[in-house]
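Visitor: Could you take me through this structure? I would like to begin with its overall layout.

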Amino acid sequence: MPELPEVETTCRGLAKVLIGKKITEIKTLRSGLRIPFPEDLSKYMNGTKVISVSRRAKYICINLSNGYVLIIHLGMSGRIIIGKKEYVLNLHDHFIINLSNSQKIILNDPRRFGLVTILNTDEMESSKFFRNIGQEPLSDDLTPELLCSKLKHKKIAIKLALLDQKIISGIGNIYACEALFRAGISPKRKSNSISYKRASKLVNSIKLVLTEAIKAGGSSIKDFVHPDGELGYFATKWRVYGREGEPCLCNHQKNVLIKRIIQSGRSTFFCPACQR
Ligand SMILES: [Zn+2]
(Lines give C-alpha, C1' and ligand atoms only; values in the text may rest on other atoms or scores of the structure.)
Protein backbone atom coordinates (compact mmCIF):
# COMPACT_ATOMS: atom_id res chain seq x y z
CA MET A 1 0.00 0.00 0.00
CA PRO A 2 1.40 3.44 -0.86
CA GLU A 3 2.35 5.19 2.37
CA LEU A 4 3.20 8.84 3.02
CA PRO A 5 6.77 8.73 1.59
CA GLU A 6 5.58 7.08 -1.62
CA VAL A 7 2.81 9.67 -1.95
CA GLU A 8 5.28 12.48 -1.25
CA THR A 9 7.75 11.25 -3.90
CA THR A 10 4.85 10.79 -6.30
CA CYS A 11 3.84 14.43 -5.65
CA ARG A 12 7.40 15.66 -6.22
CA GLY A 13 7.67 13.65 -9.42
CA LEU A 14 4.31 14.97 -10.60
CA ALA A 15 5.31 18.55 -9.77
CA LYS A 16 8.28 18.28 -12.15
CA VAL A 17 6.07 17.12 -14.99
CA LEU A 18 2.90 19.13 -14.32
CA ILE A 19 3.70 22.63 -13.07
CA GLY A 20 2.95 25.24 -15.71
CA LYS A 21 1.43 22.68 -18.08
CA LYS A 22 -2.03 23.04 -19.58
CA ILE A 23 -4.57 20.26 -19.21
CA THR A 24 -6.25 19.55 -22.55
CA GLU A 25 -8.38 16.52 -21.85
CA ILE A 26 -9.57 14.21 -19.09
CA LYS A 27 -10.43 10.61 -19.77
CA THR A 28 -12.22 8.26 -17.39
CA LEU A 29 -12.30 4.62 -18.38
CA ARG A 30 -14.92 3.51 -15.84
CA SER A 31 -17.53 5.25 -13.70
CA GLY A 32 -15.30 5.59 -10.64
CA LEU A 33 -13.11 3.92 -8.06
CA ARG A 34 -13.94 3.96 -4.32
CA ILE A 35 -16.37 6.78 -5.16
CA PRO A 36 -17.70 7.77 -8.61
CA PHE A 37 -15.57 10.16 -10.66
CA PRO A 38 -17.24 13.63 -10.59
CA GLU A 39 -19.42 13.91 -13.70
CA ASP A 40 -18.30 17.41 -14.59
CA LEU A 41 -14.55 16.82 -14.14
CA SER A 42 -13.74 17.93 -17.70
CA LYS A 43 -15.62 21.21 -17.17
CA TYR A 44 -13.42 22.06 -14.18
CA MET A 45 -10.15 20.82 -15.63
CA ASN A 46 -9.95 21.28 -19.40
CA GLY A 47 -7.95 24.35 -20.35
CA THR A 48 -6.62 25.03 -16.86
CA LYS A 49 -2.94 25.19 -15.95
CA VAL A 50 -1.32 23.35 -13.06
CA ILE A 51 -0.04 25.85 -10.48
CA SER A 52 1.46 23.43 -7.95
CA VAL A 53 1.29 19.90 -6.60
CA SER A 54 1.06 19.37 -2.85
CA ARG A 55 0.33 16.56 -0.42
CA ARG A 56 -2.12 16.46 2.52
CA ALA A 57 -1.98 13.19 4.49
CA LYS A 58 -1.91 10.59 1.71
CA TYR A 59 -3.83 12.70 -0.79
CA ILE A 60 -2.17 14.12 -3.91
CA CYS A 61 -3.45 17.67 -4.48
CA ILE A 62 -3.03 19.11 -7.98
CA ASN A 63 -3.75 22.82 -7.72
CA LEU A 64 -5.28 24.37 -10.83
CA SER A 65 -5.24 27.93 -12.18
CA ASN A 66 -9.05 28.27 -11.82
CA GLY A 67 -9.03 27.89 -8.02
CA TYR A 68 -9.92 24.21 -7.99
CA VAL A 69 -7.82 21.33 -6.77
CA LEU A 70 -7.82 17.83 -8.22
CA ILE A 71 -7.54 15.30 -5.39
CA ILE A 72 -6.11 11.83 -6.03
CA HIS A 73 -5.78 9.08 -3.40
CA LEU A 74 -3.87 5.94 -4.37
CA GLY A 75 -5.88 3.66 -2.06
CA MET A 76 -4.43 0.17 -1.66
CA SER A 77 -2.82 -0.36 -5.03
CA GLY A 78 -2.90 2.87 -7.02
CA ARG A 79 0.08 4.24 -8.88
CA ILE A 80 0.72 7.16 -11.15
CA ILE A 81 2.38 6.66 -14.50
CA ILE A 82 3.79 9.42 -16.66
CA GLY A 83 3.23 8.43 -20.25
CA LYS A 84 4.45 9.80 -23.54
CA LYS A 85 2.22 10.55 -26.54
CA GLU A 86 2.51 6.95 -27.79
CA TYR A 87 1.54 5.43 -24.40
CA VAL A 88 -0.50 2.25 -24.84
CA LEU A 89 -3.26 1.75 -22.26
CA ASN A 90 -2.76 -1.05 -19.74
CA LEU A 91 -5.17 -3.14 -17.76
CA HIS A 92 -6.39 -1.16 -14.68
CA ASP A 93 -5.66 2.27 -16.19
CA HIS A 94 -8.76 4.16 -15.03
CA PHE A 95 -8.09 7.88 -15.24
CA ILE A 96 -5.96 9.88 -17.69
CA ILE A 97 -4.95 13.52 -17.84
CA ASN A 98 -3.72 14.68 -21.25
CA LEU A 99 -1.34 17.66 -21.27
CA SER A 100 -0.73 20.24 -23.99
CA ASN A 101 2.82 18.87 -24.50
CA SER A 102 1.34 15.43 -25.37
CA GLN A 103 2.39 13.84 -22.07
CA LYS A 104 -0.19 11.88 -20.11
CA ILE A 105 -0.71 11.29 -16.41
CA ILE A 106 -2.27 7.89 -15.84
CA LEU A 107 -3.83 6.50 -12.65
CA ASN A 108 -3.56 2.71 -12.61
CA ASP A 109 -5.29 0.94 -9.74
CA PRO A 110 -5.95 -2.84 -9.86
CA ARG A 111 -7.91 -3.00 -6.60
CA ARG A 112 -9.81 0.25 -7.21
CA PHE A 113 -9.74 1.59 -3.65
CA GLY A 114 -8.28 4.83 -5.01
CA LEU A 115 -10.18 8.08 -5.35
CA VAL A 116 -10.35 11.04 -7.74
CA THR A 117 -12.36 14.15 -6.96
CA ILE A 118 -12.28 17.90 -7.45
CA LEU A 119 -12.75 20.56 -4.77
CA ASN A 120 -12.75 24.32 -4.54
CA THR A 121 -9.43 25.25 -2.92
CA ASP A 122 -11.21 27.40 -0.30
CA GLU A 123 -13.44 24.51 0.74
CA MET A 124 -10.75 21.84 0.78
CA GLU A 125 -9.84 21.80 4.48
CA SER A 126 -13.50 21.75 5.54
CA SER A 127 -14.43 18.97 3.09
CA LYS A 128 -15.31 15.51 4.34
CA PHE A 129 -11.94 14.23 3.10
CA PHE A 130 -9.82 16.61 5.17
CA ARG A 131 -11.79 18.01 8.11
CA ASN A 132 -10.94 15.14 10.49
CA ILE A 133 -7.35 14.67 9.44
CA GLY A 134 -4.71 15.11 12.14
CA GLN A 135 -1.34 16.81 12.22
CA GLU A 136 1.05 16.43 9.30
CA PRO A 137 3.97 14.41 10.71
CA LEU A 138 6.65 16.36 8.82
CA SER A 139 5.25 19.76 9.79
CA ASP A 140 7.00 21.80 12.49
CA ASP A 141 3.64 21.86 14.26
CA LEU A 142 4.10 18.23 15.27
CA THR A 143 5.97 18.74 18.54
CA PRO A 144 6.44 16.53 21.64
CA GLU A 145 4.06 18.90 23.49
CA LEU A 146 1.35 18.42 20.89
CA LEU A 147 1.81 14.65 20.80
CA CYS A 148 1.68 14.41 24.62
CA SER A 149 -1.52 16.46 24.70
CA LYS A 150 -3.15 14.18 22.13
CA LEU A 151 -2.05 11.00 23.92
CA LYS A 152 -2.70 11.87 27.54
CA HIS A 153 -6.33 10.70 27.60
CA LYS A 154 -5.81 7.70 25.33
CA LYS A 155 -5.56 4.24 26.85
CA ILE A 156 -4.99 2.44 23.53
CA ALA A 157 -1.56 1.02 22.66
CA ILE A 158 0.81 3.63 21.24
CA LYS A 159 1.13 1.69 17.95
CA LEU A 160 -2.64 2.06 17.42
CA ALA A 161 -2.53 5.75 18.35
CA LEU A 162 0.12 6.29 15.68
CA LEU A 163 -2.18 4.69 13.09
CA ASP A 164 -5.12 6.91 14.14
CA GLN A 165 -5.30 9.46 11.31
CA LYS A 166 -7.10 11.94 13.57
CA ILE A 167 -3.99 12.17 15.79
CA ILE A 168 -1.26 12.26 13.14
CA SER A 169 -2.06 11.92 9.45
CA GLY A 170 -0.38 9.57 7.04
CA ILE A 171 1.65 7.25 9.29
CA GLY A 172 1.02 3.74 7.98
CA ASN A 173 1.78 0.37 9.50
CA ILE A 174 5.40 0.12 8.33
CA TYR A 175 6.41 3.57 9.53
CA ALA A 176 4.62 3.16 12.87
CA CYS A 177 6.67 0.00 13.54
CA GLU A 178 9.93 1.58 12.39
CA ALA A 179 9.42 4.82 14.34
CA LEU A 180 8.63 2.96 17.57
CA PHE A 181 11.75 0.82 17.14
CA ARG A 182 13.98 3.86 16.65
CA ALA A 183 12.44 5.55 19.66
CA GLY A 184 12.90 2.41 21.81
CA ILE A 185 9.19 2.36 22.68
CA SER A 186 7.17 -0.85 22.96
CA PRO A 187 4.24 -0.88 20.54
CA LYS A 188 2.11 -2.26 23.40
CA ARG A 189 2.79 0.66 25.77
CA LYS A 190 -0.34 2.58 26.71
CA SER A 191 -0.53 5.95 24.97
CA ASN A 192 -1.23 7.83 28.21
CA SER A 193 2.01 6.48 29.73
CA ILE A 194 4.21 8.17 27.11
CA SER A 195 6.36 10.71 28.96
CA TYR A 196 7.55 13.98 27.45
CA LYS A 197 11.00 12.43 26.98
CA ARG A 198 9.59 9.44 25.09
CA ALA A 199 7.26 11.69 23.07
CA SER A 200 10.32 13.73 22.08
CA LYS A 201 12.16 10.65 20.87
CA LEU A 202 9.05 9.43 19.07
CA VAL A 203 8.45 12.71 17.24
CA ASN A 204 12.10 12.72 16.10
CA SER A 205 11.89 9.09 15.00
CA ILE A 206 8.67 9.63 13.05
CA LYS A 207 10.21 12.55 11.15
CA LEU A 208 13.44 10.60 10.62
CA VAL A 209 11.93 7.41 9.19
CA LEU A 210 9.63 9.36 6.87
CA THR A 211 12.37 11.74 5.71
CA GLU A 212 14.80 8.87 5.09
CA ALA A 213 12.21 7.01 3.06
CA ILE A 214 11.47 10.11 0.97
CA LYS A 215 15.22 10.61 0.43
CA ALA A 216 15.65 6.96 -0.55
CA GLY A 217 12.87 7.44 -3.08
CA GLY A 218 14.57 10.51 -4.46
CA SER A 219 18.09 9.14 -4.64
CA SER A 220 17.36 5.65 -5.90
CA ILE A 221 15.03 6.77 -8.65
CA LYS A 222 16.21 9.42 -11.05
CA ASP A 223 13.90 12.41 -10.61
CA PHE A 224 11.45 10.08 -8.82
CA VAL A 225 10.52 8.42 -12.09
CA HIS A 226 11.20 4.77 -12.94
CA PRO A 227 12.41 4.02 -16.47
CA ASP A 228 8.90 2.76 -17.22
CA GLY A 229 7.42 6.05 -16.06
CA GLU A 230 6.06 4.85 -12.72
CA LEU A 231 6.42 7.30 -9.89
CA GLY A 232 7.39 7.10 -6.30
CA TYR A 233 8.00 3.45 -5.45
CA PHE A 234 11.24 2.19 -3.97
CA ALA A 235 12.64 -0.56 -1.84
CA THR A 236 13.73 0.38 1.64
CA LYS A 237 15.59 -1.75 4.13
CA TRP A 238 13.44 -1.92 7.23
CA ARG A 239 14.93 -2.43 10.70
CA VAL A 240 12.01 -4.37 12.18
CA TYR A 241 9.18 -4.45 9.63
CA GLY A 242 8.96 -7.87 7.97
CA ARG A 243 11.91 -9.20 10.01
CA GLU A 244 10.13 -11.62 12.37
CA GLY A 245 12.58 -14.20 13.77
CA GLU A 246 15.65 -12.31 12.55
CA PRO A 247 18.23 -10.93 15.02
CA CYS A 248 17.65 -7.36 16.21
CA LEU A 249 20.17 -4.99 14.64
CA CYS A 250 20.89 -3.28 17.93
CA ASN A 251 21.92 -6.35 19.91
CA HIS A 252 24.57 -8.61 18.44
CA GLN A 253 25.56 -10.46 21.63
CA LYS A 254 22.33 -11.75 23.10
CA ASN A 255 20.87 -12.78 19.76
CA VAL A 256 17.51 -11.15 20.47
CA LEU A 257 14.98 -11.90 17.74
CA ILE A 258 12.39 -9.56 16.24
CA LYS A 259 8.85 -10.54 17.28
CA ARG A 260 5.59 -10.18 15.42
CA ILE A 261 2.25 -9.62 17.18
CA ILE A 262 -1.18 -8.66 15.85
CA GLN A 263 -2.70 -5.37 17.03
CA SER A 264 -6.19 -4.51 15.72
CA GLY A 265 -5.73 -6.94 12.88
CA ARG A 266 -2.40 -5.52 11.70
CA SER A 267 1.06 -7.02 12.13
CA THR A 268 3.40 -5.25 14.50
CA PHE A 269 7.11 -6.05 14.39
CA PHE A 270 9.28 -5.07 17.34
CA CYS A 271 12.32 -5.97 19.46
CA PRO A 272 11.25 -7.20 22.92
CA ALA A 273 14.64 -6.26 24.37
CA CYS A 274 15.25 -2.69 23.26
CA GLN A 275 11.66 -1.43 23.01
CA ARG A 276 10.12 -0.72 26.40
ZN1 LIG B 1 16.78 -4.86 19.91
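Guide: The chain is assigned two domains, domain 1 (4-123) and domain 2 (144-225 + 236-270); such bounds come from an automatic or database domain assignment. This is a predicted model, in which local features need pLDDT of at least 70, side-chain atom pairs count only at pLDDT 80 or more, and totals for chains, interfaces and linings use all residues. Residues are numbered from 1 along each chain as its sequence is written, and side-chain values use heavy atoms, with hydrogens and water left out.

Visitor: How far apart are the C-alpha centres of domain 1 and domain 2?

Guide: They lie 30 Å apart.

Visitor: What is the volume of the largest pocket?

Guide: The volume is about 390 Å³. A pocket here is an open set of points on a 1 Å grid over the protein atoms alone, where a 1.4 Å probe fits, with protein on both sides within 12 Å along at least five of seven lines. The volume is the space filled by probe spheres set on the points.

Visitor: Which residues line the largest pocket nearest its centre?

Guide: M1, K58, Q165, G172 and R266 do, out of 18 lining residues, each with an atom within 4 Å of a point. The lining divides into eight nonpolar, six polar and four charged residues; Gly counts as polar, and Asp, Glu, Lys and Arg as charged. Domain 1 and domain 2 each supply at least three residues of this lining.

Visitor: Changing topic, where does S267 lie?

Guide: S267 lies in strand β10 (residues 266-270), a strand being a DSSP run (E, at least two residues) numbered from the N terminus.

Visitor: Is S267 buried or exposed?

Guide: S267 has a relative accessible area of 18% and is therefore buried (buried means under 20%, exposed over 50%, partly exposed in between, with a 1.4 Å probe and protein chains only).

Visitor: Which side chain makes a polar contact with that of S267?

Guide: The side chain of R260 does, at 2.8 Å; a polar contact is a pair of N or O atoms within 3.5 Å, one able to donate a hydrogen and the other to accept it.

Visitor: What is the phi of A57?

Guide: Phi of A57 is near 55°, a positive value in a residue other than glycine. Most residues other than glycine have a negative phi. A57 lies in the loop between β2 (50-56) and β3 (59-64) and is buried, at 4% relative accessible area.

Visitor: And what about S264?

Guide: S264 also has a positive phi, about 50°. S264 sits in the loop between β9 (259-263) and β10 and counts as exposed, at 62% relative accessibility.

Notes: Helices (H or I, at least four residues) and strands (E, at least two) are DSSP runs, numbered from the N terminus.
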